[in-house]
Amino acid sequence: MRRRDFLGLAATAALAGTTGIADAMGGAGARGTPVRMGRTMELGLVISPFQGPEETIKRVHDLGLATCFLSLDGYIGKFTPQLATQMRGLLDRYGVRATTVEVVGPGKLVWDFMQGPSTIGLIPRATRAVRMDALRQVSDFAKLVGVNQVQTHCGFIPEDPADPLYAEAVVAIREVAKHCAGNGQEFLMETGQETPTTMSRMLRDVAQPNLGVGLDTANLILYGKANPVDAVDILGPHVKSIHAKDGRWPTDPSKLGEEVLIGTGLVDFHKVFSKLHRLGYNGAVTIERETSGPQQIADVRQEKAYLEKVLADVIG
């Protein structure tokens, strides 16, 4: 599953280059100490640790990042207290704080406009029950690890509230949100497949105080749904996590837009962060770069430097 496994699949290849990466970086990050920004909009990285937990978490540290977002599909059906102990130990060892966990499976996932509506999220009836179960699993696991946010793509939520799938989605999302609430967690819907107005309606209709938004800055563009700057006007007070990613509008009606290096796409990060900062957002800003291997490491380093400059200007 390219979208979520990219970091885990590159764990072995990237490990060979981590020492050189750390040495090449300037400042505290070059000495292997994560560069922290006080807990206010700290930078982090989306990681999939299944292919190599220690190597993957160590890489976050070596890149000088303070936080990580755990993509855990590889562990569905395998979450155990022993795994939670291992994960907590690795996070502590490398001084990395996990902010959020996510699963999007199990089952077929096609990230496009043609098969996406029938394969992504909690909307498709065929996979809804097993995905709700996976979200309950990862919520219980996150409680053991000490992570208080659970996130997923809910899917192509119908814009028509009279669509039977919309009402079914309300029930499903409410059930998962209640389970997360029982574990002292927020349940976050990641932006992408729906318009901000549709997501806002879902927040209202589910009516669970722990239901929030995971803002993926590029997904709104990649799916042709909204400009993220404008989306903050609608969803801003509900944003509890951020995926920093850049992209361009879709030009092929069958395919998503192109994800690109941060700073080379259409996302105005300064405006997005400024609006969220004024609203009091103080969560993580998590880099998600959908390349792999050494190229991904090089890209993340460049994106980190870019975002640090933007955040320094926004936060002061």
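Guide: Let's go through the terms one at a time. This is a predicted model, where local features need pLDDT of at least 70, side-chain atom pairs count only at pLDDT 80 or more, and totals for chains, interfaces and linings use all residues. Residues are numbered from 1 along each chain as its sequence is written, and side-chain values use heavy atoms, with hydrogens and water left out.

Visitor: What makes the 8 strands a barrel, and what is their order?

Guide: They close up in the order β1-β2-β3-β4-β5-β6-β7-β10, with parallel pairing. A strand here is a DSSP run of E with at least two residues, a helix is a run of H or I with at least four, and both are numbered from the N terminus. Neighbouring strands of this sheet are turned by 30° against each other on average, direction ignored.

Visitor: How do you know that β5 and β6 pair?

Guide: Two strands pair if DSSP finds at least two bridges between them. Strand β5 (residues 186-190) and β6 have 4 bridges, in the parallel sense, so they pass the test. Phe187 stands opposite Leu211 in β6.

Visitor: Which handedness does the crossover from β5 to β6 have?

Guide: Going from β5 through helix α9 (residues 196-206) to β6, this β-α-β crossover is right-handed. The word applies if, with the strands pointing away from the viewer, the path from the first strand over the helix to the second runs clockwise.

Visitor: Why is strand β6 called largely enclosed?

Guide: Buried means under 20% relative accessible area, exposed over 50%, and partly exposed in between (1.4 Å probe, protein chains only). In β6 (residues 211-216), 6 of the 6 residues are buried, so the rest of the structure largely encloses this strand.

Visitor: Why is the pair of Tyr75 and Phe79 called tilted?

Guide: Rings of Phe, Tyr and Trp (its six-membered ring) pair if their centres lie within 6.5 Å; planes under 30 degrees apart count as stacked, over 60 as edge-to-face and the rest as tilted. For Tyr75 and Phe79 the centres are 6.3 Å apart and the planes are at 35°, so this pair is tilted. Tyr75 is buried at 6% relative accessible area, and Phe79 counts as buried too, at 17%.

Visitor: What makes Phe269 and Tyr306 edge-to-face?

Guide: Their planes are at 75° and their centres 6.4 Å apart, so edge-to-face it is. Phe269 sits in helix α12 (residues 269-278) and Tyr306 in helix α13 (residues 293-315), so the pair ties together parts that are 37 residues apart in sequence. Phe269 is buried, with a relative accessible area of 1%, while Tyr306 has 33% and is partly exposed.

Visitor: What makes a nonpolar core, and how many residues has the largest?

Guide: A nonpolar core is a set of buried Ala, Val, Leu, Ile, Met, Phe, Trp, Tyr and Cys residues joined through side-chain atoms within 4.5 Å. The largest has 78 residues, and Phe187 is among those with the most contacts inside it. Helix α8 gives the most to this core, with 8 residues. Apart from it lies another core, of 9 residues, including Val104 and Phe113.

How values were computed:
Axes fitted to C-alpha atoms, helices over the stretch in contact; angles between N-to-C directions.
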